[in-house]
Amino acid sequence: MKQKLIFLFAMILCLQSFAQQLKGRVVDDFKQPVENVYIYNSVKNTHTHTTENGSFILENTVANDVLEVGLLGFEKREIIITKTDIENGITIALVSKIFQLDELVLRKEMNALETITKVDLELNPVNSSQEILRKVPGLIIGQHAGGGKAEQIFLRGFDIDHGTDIALSVDGMPINMVSHAHGQGYSDLHFVIPETIQKINFGKGPYYANTGDFNTAGYVDFSTKKAINNNTVSVGFGDFNSLRTLGMFNLLDNKKDQNAYVAVEYIETDGAFESPQNFNRVNIFGKYNAFINDTDRISLTASHFTSSWDASGQVPEREIANGNINRFGAIDDTEGGFTSRTNFNVELNKTLDDDSLLKANAFYSHYNFELYSNFTFFLEDAVNGDQIKQFEDRDIFGMNVQLSNIVNYGNVEATYTKGAGLRYDLINDIELSHTKNRSETLNQIQLGDVKQTNMFAFFNADFEVGKFKISPSVRLDYFKFLYNDRLNPTYKTLSKSEAIVNPKLNFLFTQNDNLQWYLKSGIGFHSNDARVILQQETDKILPRAYGADFGNIWKPTKNLVLNTAVWYLLSEEELVYVGDAGVIEPSGKSERFGFDFGLRYQFTDWLYLDTDLTATKSRSLENISGEDYIPLSPDFTMSGGLSFSNLGNFSGGLRYRFIDDRPANEDNSIVADGYFVSDFNINYKMNDITFGVALENIFDVAWNETQFATESRLQNETESVEEIHFTPGTPFFAKATITYTF
């Protein structure tokens with residue numbers, strides 16, 4: 001009996017020695033936590049990843065085990081574990097380096113497409129807010145109102161307008177505007193200074209429980225830098241009286257647990273138009289980041305942006321053809337507007353225990369918008385013209401809370417993520433009026449106040465079973481809509497509420513280090529405008545979109561990465577609010593299916609190729625064949641380019657974007673012309689000074705940036721004409737920039 005007890009005691013001690021945990025944290029050059037770092041114990045053949053706060057736990061680790069630590073964009077490290085590391089934990093510092101595609105190991109990447117986009121961002125840094133969205137593979141944008149209006153977005157066969165079918169956010173703060181004066185989901189990204197962007201996280205399709213309203217075609221979430229290494233001052237001059245200045249300044253040098261910086265941007269340009277745009281924009285951004293202890297972090301962000309501009313508006317093809325005006329002329333050059341946005345955002349990342357992480361943010365935005373447009377010229381008012389004014393003054397309050405914890409069931413690792421949040425929009429004086437010369441209001445078409453609430457909760461589970469990752473999830477959204485019509489002589493508050501539940505189910509199979517397969521499925525939605533819901537008595541408050549994706553990411557050689565996907569999306573019938581006219585347009589059910597393809601190839605350490613294409617078939621399901629085209633839905637888009645970096649003191653690249661001809665109306669009798677546009681930039685670094693030259697539209701292509709089939713009437717016409725009205729794309733444009741870093 002005594003021998004048995006001794007043996008049992010020895011076994012317990014032995015098991016304890018083999019069951020030791022190694023707790024640690026990974027940080028970067030700024031002492032900031034690094035997420036998704038791959039930690040591999042080469043002795044025990046076990047691995048783990050760091051969480052959002054950079055921490056990790058590696059089971060079954062003892063002294064003298066060897067760890068391999070790596071993440072694309074950092075130098076690899078090999079560490080021999082000591083007894084002290086086991087007892088006290090370990091902090092591992094990684095050193096940043098230039099991305100090399102041959103280091104990409106799919107087995108180690110939790111989101112390989114996001115990692116590839118980080119490579120693109122590193123090798124092709126953006127210097128305008130427009131270019132930020134172009135970093136998302138397959139996404140095309142266009143501007144059609146003097147540079148101050150939000151861009152028109154195209155993705156996966158959608159003409160998303162200004163954001164109806166894509167959810168956009170920055171640091172957890174939503175960009176999309178619900179029940180906006182100009183259009184549902186309106187998303188103005190111009191308050192973001194591009195040099196402050198650290199990471200772009202995106203997903204196509206409605207497959208992600210942590211994103212809700214507007215996530216049908218996809219979502220994009222931007223993360224800003226927590227700190228900067230150096231101060232930067234930049235000045236750029238270009239054609240058409242273009243000027244851009246930028247300053248980024250580190251406010252807390254040599255602080256161990258705190259970082260703070262401020263960025264200021266000023267832009268002005270007249271554009272290529274005969275009537276100057278008089279565009280100007282000021283951006284101010286500040287961020288403070290501090291560690292409460294070794295693992296918990298708080299961030300405070302404040303920003304302000306203001307912009308004003310004039311615009312020549314869209315021009316009809318017939319006036320170009322008959323020679324009355326040229327492509328950069330105008331029928332009504334009194335368009336334009338003013339907009340501003342002030343943001344405050346507080347973020348908290350807190351480790352509750354070894355396996356649990358709390359992530360939360362609270363935000364407030366104050367937003368102003370005033371836009372003058374004239375799309376139909378003299379169709380409705382033959383004397384004064386058809387100019388309209390759209391106006392609103394908005395406050396947005398919100399918060400998000402997300403709790404993640406890891407549970408091990410033998411060989412199965414499960415990560416559970418629970419989340420909840422609130423968004424409240426208070427929109428005063430939302431207005432649509434008929435105006436003259438931007439100074440006289442002829443009559444008010446709509447005027448009122450909107451109060452809109454969205455509360456949500458979601459649950460997501462990730463089960464890692466061998467080479468599989470299975471992710472079921474579900475999301476609940478509740479909406480409350482209130483509207484006071486101030487043109488109604490009798491005061492009355494219209495109200496309606498609606499709840500929606502959307503499930504998702506995703507699979508990821510990592511076949512080997514060089515091949516991943518995925519299958520995604522889910523239901524998403526976008527809300528409709530409160531005025532439509534309450535004044536039109538529609539039941540289609542939160543129309544759904546049902547989607548599925550099947551694809552892979554394949555690395556056939558060390559320097560080549562391919563990604564492919566076939567996908568399908570069914571959209572329910574909905575009523576779309578047209579803010580330009582104050583009316584609704586029924587769209588009925590529609591379906592889209594297509595094929596995505598992406599290619600990344602690194603020829604040498606300094607030469608990198610990327611390209612992405614999307615082929616789509618989009619059709620209405622409620623119209624007869626031949627009259628079932630979806631206006632402005634692109635059937636083929638392609639973008640990419642060549643980039644070079646660290647070629648001596650030189651860096652730069654050649655970029656291109658292509659969109660095919662597409663139907664502008666339901667029977668395809670009016671066609672929006674496609675285009676192929678190329679840009680080039682080159683930079684030369686000399687000590688602390690960098691000289692740069694950027695050339696846009698290097699082949700001086702006459703292209704139409706945005707196009708619509710519009711019925712209009714000119715002042716000298718007796719009958720209206722429906723045809724393409726367009727905003728011309730920028731002709732050849734050159735800009736020189738000098739940047740000083742200290």
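## Sheets, cores and ring pairs in a predicted model

Strand S8 and strand S9 (residues 152-155) run antiparallel and pair over three bridges. Strands here are DSSP runs of E with at least two residues, numbered from the N terminus. Two strands pair if DSSP finds at least two bridges between them. Within this pairing, Ile-141 stands opposite Ile-153 in S9.

This is a predicted model, in which local features need pLDDT of at least 70, side-chain atom pairs count only at pLDDT 80 or more, and totals for chains, interfaces and linings use all residues. Residues are numbered from 1 along each chain as its sequence is written, and side-chain values use heavy atoms, with hydrogens and water left out.

S8 and S9 belong to an open sheet of three strands, ordered S8-S9-S10, with antiparallel pairing. Its edges are strand S8 (140-142) and strand S10 (158-161), each of which pairs on one side only. Neighbouring strands of this sheet are turned by 25° against each other on average, direction ignored. The axes behind that angle are lines fitted to C-alpha atoms, and angles run from 0 to 180 degrees between N-to-C directions.

Another open sheet has four strands in the order S12-S11-S14-S13, and its pairing is mixed. Strand S12 (173-174) and strand S13 (197-204) each have a single partner strand, so one side of each is left without a neighbour in the sheet. Strand S11 (residues 166-170) is joined to S12 by two bridges, and the two run antiparallel. Here Ser-169 stands opposite Pro-174 in S12.

**A run of paired strands**

Strand S33 (residues 590-602) and strand S34 (residues 607-620) run antiparallel, joined by 13 bridges. A hairpin of four residues connects S33 to S34. Tyr-601 has Leu-609 in S34 as its bridge partner. On to the next strand: S34 pairs with strand S35 (residues 636-647) in the antiparallel sense over nine bridges. Leu-609 stands opposite Leu-642 in S35.

**Nonpolar cores**

A nonpolar core is a set of buried Ala, Val, Leu, Ile, Met, Phe, Trp, Tyr and Cys residues joined through side-chain atoms within 4.5 Å. Buried means under 20% relative accessible area, exposed means over 50%, and partly exposed lies in between (1.4 Å probe, protein chains only). In soluble globular proteins, nonpolar side chains tend to be buried together.

The largest nonpolar core holds 55 residues. Leu-133, Leu-139, Ile-153, Ile-166, Leu-189, Val-220 and Phe-222 touch the most other members. Strand S22 (residues 356-373) gives the most to this core, with four residues. A second, separate core has 17 residues, including Val-26, Val-37, Ile-90 and Leu-94.

What does Leu-133 touch, not counting residues up to four places away in sequence? Its contacts (heavy atoms within 4.5 Å) are Leu-139, Ile-141, Ile-153, Leu-168, Leu-189 and Phe-222.

**Aromatic pairs**

Rings of Phe, Tyr and Trp (its six-membered ring) pair if their centres lie within 6.5 Å; planes under 30 degrees apart count as stacked, over 60 as edge-to-face and the rest as tilted. The count comes to 23 aromatic pairs. Two stacked pairs are set out below.

| Pair | Centre to centre | Angle between planes |
|---|---|---|
| Phe-240 and Phe-733 | 5.7 Å | 20° |
| Trp-517 and Phe-550 | 5.9 Å | 20° |

The pair of Phe-240 and Phe-733 links parts of the chain 493 residues apart. Phe-240 lies in the loop between strand S15 (232-238) and strand S16 (242-250), while Phe-733 is in strand S43 (residues 733-741). Phe-240 is partly exposed at 27% relative accessible area. Phe-733 is buried at 9%.

Trp-517 in strand S28 (residues 515-525) and Phe-550 in strand S29 (residues 544-557) are 33 residues apart. Trp-517 is partly exposed, at 29% relative accessibility. Phe-550 is partly exposed too, at 42%. Elsewhere, ring pairs link Phe-636, Tyr-656, Phe-658 and Phe-676 into a cluster.

A charge sits over a ring if NZ of Lys or CZ of Arg is within 6 Å of the ring centre and within 35 degrees of the ring normal. The charged end of Arg-475 sits over the ring of Phe-456, 4.3 Å from its centre. The charged end of Arg-592 sits over the ring of Phe-158, 3.7 Å from its centre.

Both Phe-158 and Arg-592 are among the residues that Ser-571 touches. Ser-571 is in strand S30 (residues 560-571). Is Ser-571 buried or exposed? Ser-571 is buried, because its relative accessible area is 7%.
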